[in-house]
Amino acid sequence: MRKPLAALLVVAMLLSGCGTSSAGNGDFTQKPVQDNKQFMFTPIEDAVFTMMYEPRANSGSKQAFGLSMPDGIDSDWAQDTEFDANFTIFDAKTKKTQAIVRVQTAPADLAAYYKTENPTEIQEQMIAKFFTTDDYHKGLRGNIVDDFGYQLAIDWSGIALKGWRAFYMEFVDEGSKNHALRFYMCNDKLDKDFYAIEIRADLPMGDEALIEKYRSIIFSMREFEA
């Protein structure tokens, strides 16, 4: 199962004094700063454990990312679907889901999956099924602002770091009193190496302590080999 493996890996890394892997030295992600659109990797000092988010079981990718879980917050694997590995983050006492994490990867054998070896046809089908970072950001922002009229609180986009592109967004729905946090990171490769991770948190509007806790979770991200 994914969670016990995650815990064992984290304990092993702590005992061996390891930091991050190839993205490492604490500079992989950086907390968003509005003027230069940077992300800062910020460990949670009192984290109970680090949850590993791995691709689906039959994925060719071995890339994984970890998020630190503070006291009172837990996370577990939910299910694998055709392209996605899905996880939940939830209140440890009430078990109420407050966020989801989705790790998306493409078919390892594109020709077999799409039933063609024509690269143009494969690319067309990839574009129809998967999203680059900029395309996803554009579509999500359009939904939030133009279609639903939600109040956009934070919108950092166009972030590029170590071969990855990402955006981070927060918006408020006055009707449902929901404060939403959205993070998406992708390598933008529309081929068999496509890899994306998405974090979606939906929290009570005005609960600043909980909102800040989830910001800290998102920006505790670190890279591992699964």
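View 1. At 15% relative accessibility, Thr-132 counts as buried (under 20% relative accessible area, 1.4 Å probe, protein chains only). Keep in mind that this is a predicted model, where local features need pLDDT of at least 70, side-chain atom pairs count only at pLDDT 80 or more, and totals for chains, interfaces and linings use all residues. Residues are numbered from 1 along each chain as its sequence is written, and side-chain values use heavy atoms, with hydrogens and water left out. You will find Thr-132 in the loop between α3 (119–129) and α4 (133–147); helices here are DSSP runs of H or I with at least four residues, and strands are runs of E with at least two, numbered from the N terminus.

**View 2. The neighbours of Thr-132.** The side chains of Thr-132 and Asp-135 are joined by a polar contact of 3.3 Å (a pair of N or O atoms within 3.5 Å; within protein, one must be able to donate a hydrogen and the other to accept it, and residues adjacent in sequence count only if both atoms are side-chain atoms). Leaving out residues up to four places away in sequence, Thr-132 touches Tyr-184, Asp-188 and Leu-190, with contact meaning heavy atoms within 4.5 Å.

**View 3. Arg-102 in strand β5.** Strand β5 (residues 97–105) holds Arg-102, which counts as buried at 18% relative accessibility. Its side chain makes a polar contact with that of Glu-198 (2.8 Å). Beyond residues up to four places away in sequence, Arg-102 touches several others, including Asp-84, Tyr-136 and Tyr-184. Look also for Thr-88, 14 residues from Arg-102 in sequence and 8.9 Å away in space, C-alpha to C-alpha.

How values were computed. Buried < 20%, exposed > 50% of the residue type's maximum accessible area, 1.4 Å probe, protein only.
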